[in-house]
Amino acid sequence: MTAETQAASIPQQRSVPKPVFTDAEAGAKEFPDSTARNYNYFKPAKRKQTHYEDVTVEVQPDPRHYLSQGWLYGFADGRGGYPLDWTVLKAWGSDRPEPERYPGSGGKGYDWPAHGWHEFRDPNEEWELTLYRYNSNVVRQLNQNVENARQAKAFEQWNPNWVNFVARNIGAWMHVDHGLGLYLFANAQRRAPTNMHNNAISVNSMHRIRAAQDLALYNLTLTEEVPGFDGTAHLEAWNSDPAWQGVRETAEQLTGVWDWAEAVFAANIVFEPLVGELFRSHLVQQIAPRNGDFVTPTVVGAAEYDFAERDLRYTTAMLGLLTTDREFADHNRATMQAWLAAFVPMAIEAARTMQPLWSQTDVKPPRFEDSLDAAKNRFAGIVTELHLDVPKELAQ
């Protein structure tokens with residue numbers, strides 16, 4: 001074999017550039033927080049940031065803090081992200097001129113966050129895990145309560161008039177929970193300006209939807225277990241019973257409120273204390289045991305706890321920041337006073353149309369006027385806590 005033949009039989013090696021790694025790559029650089037184990041792009045509410053803050057604060061990038069090129073998406077009218085004018089309330093920093101945005105502008109030399117909006121932290125520290133855990137525990141407990149009552153034949157102790165009362169009126173309230181949960185809170189959470197607001201309001205929405213489902217499933221169980229229980233009676237009560245038409249009209253009007261903060265304010269600050277708690281705490285939970293029913297208060301009480309201990313708490317924290325805002329406190333208080341003047345008469349009228357419910361059972365609850373006075377006192381305390389004046393319309 002000649003040298004030329006031998007050289008031709010050896011496969012040729014292609015020349016491929018070899019990767020060369022140096023310490024010039026960003027991943028190899030040392031930064032002041034290279035070894036940090038926590039996020040530090042926000043100021044925690046307390047000394048140390050919580051897990052809730054880690055998974056909630058600034059999860060949605062916001063050009064009011066970052067993204068100097070602006071929102072990465074927009075609406076058909078050209079607006080992007082979460083416009084601050086989706087509520088008439090303002091937080092400090094809201095009126096600062098928006099800088100010109102272009103790649104590399106860096107905010108044109110200054111930050112433009114609406115800082116006041118980003119101060120809110122949900123005192124319940126709600127996020128995805130807590131939502132699933134809490135609601136699953138509630139549903140599990142309710143199912144156990146109803147099943148225990150079924151096995152113990154507890155429904156046989158109900159007074160005959162109470163059976164009809166539950167079929168019509170407890171069932172009718174599921175329409176309130178469903179309507180506000182799906183069309184007010186779920187709608188409001190989309191338009192709120194930060195992840196902290198979105199999370200808290202969406203959890204509120206899920207509480208209401210779950211409460212409506214609890215009542216619907218309870219209604220089905222009673223239809224199967226209680227002789228003569230009409231599982232469709234709530235439809236006629238909601239659609240035609242004069243005692244429910246004030247509540248129905250008010251709830252439907254609330255679902256049409258566009259301003260997200262106004263909607264949450266009207267529902268949680270006005271409607272729930274004056275109408276929701278009046279029905280649940282001052283009627284159902286007072287009267288049910290006297291008529292042989294120890295099961296319905298556990299179902300209704302779960303929804304009452306949702307509002308009194310969780311939903312009202314985030315609402316007062318969220319709105320309290322705005323009524324004491326360093327720039328717009330006077331503006332926000334005046335706006336909320338106007339909302340009180342508009343919604344309190346509606347709520348009082350709805351409450352008064354419910355008065356016939358207080359006389360429909362064999363064993364009567366406390367007087368309606370006493371119940372309404374207690375609800376008004378509760379409402380006045382909530383309003384005062386928000387640094388607002390108790391509206392004169394409350395005397396109606």
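Guide: Let's start with a helix pair: α3 and α9 cross in a right-handed way, meaning that the near helix is turned clockwise from the far one by less than a right angle. Helices here are DSSP runs of H or I with at least four residues, numbered from the N terminus, and strands are E runs of at least two.

Visitor: Which residues of α3 and α9 make the contact?
Guide: From α3 come Y134, V138, L142 and N145, and from α9 T298, V299, A302, Y305, D306 and R310. Contact means heavy atoms within 4.5 Å.

Visitor: And what is the contact of α3 with α9 like by class?
Guide: Six nonpolar, two polar and two charged residues. Ala, Val, Leu, Ile, Met, Phe, Trp, Tyr, Cys and Pro count as nonpolar, Asp, Glu, Lys and Arg as charged, and the others, Gly among them, as polar.

Visitor: Before we go on, what sort of model is this?
Guide: It is a predicted model, where local features need pLDDT of at least 70 and side-chain atom pairs count only at pLDDT 80 or more, while totals for chains, interfaces and linings use all residues. Residues are numbered from 1 along each chain as its sequence is written, and side-chain values use heavy atoms, leaving out hydrogens and water.

Visitor: Good. At what angle do α7 and α10 pack?
Guide: About 155°, with the axes of α7 (residues 242–254) and α10 (residues 329–353) 7 Å apart. Axes are lines fitted to C-alpha atoms, for helices over the stretch in contact, and angles run from 0 to 180 degrees between N-to-C directions. So α7 is roughly antiparallel to α10, a label for angles over 145 degrees.

Visitor: Is the crossing of α7 and α10 left-handed or right-handed?
Guide: Left-handed; there the near helix is turned anticlockwise from the far one, again by less than a right angle.

Visitor: Which residues meet there, in α7 and α10?
Guide: P242, A243, G246, V247, T250, Q253 and L254 of α7 meet F343, M346, A350 and T353 of α10. By class, this contact has seven nonpolar, four polar and no charged residues.

Visitor: New topic: is E277 buried or exposed?
Guide: Buried, because its relative accessibility is 7%, and buried means under 20% relative accessible area with a 1.4 Å probe, protein chains only. E277 sits in helix α8, residues 260–287. Beyond its neighbours within four places in sequence, E277 touches E272, H282, E304, F307, A308 and R378.

Visitor: How many helices and strands are in the chain?
Guide: There are 11 helices and zero strands. Of the 396 residues, 49% are buried.

Note on methods
Buried means under 20% relative accessible area, exposed over 50%, partly exposed in between (1.4 Å probe, protein chains only). Angles under 35 degrees count as roughly parallel, over 145 as roughly antiparallel, 65 to 115 as roughly perpendicular and the rest as oblique.
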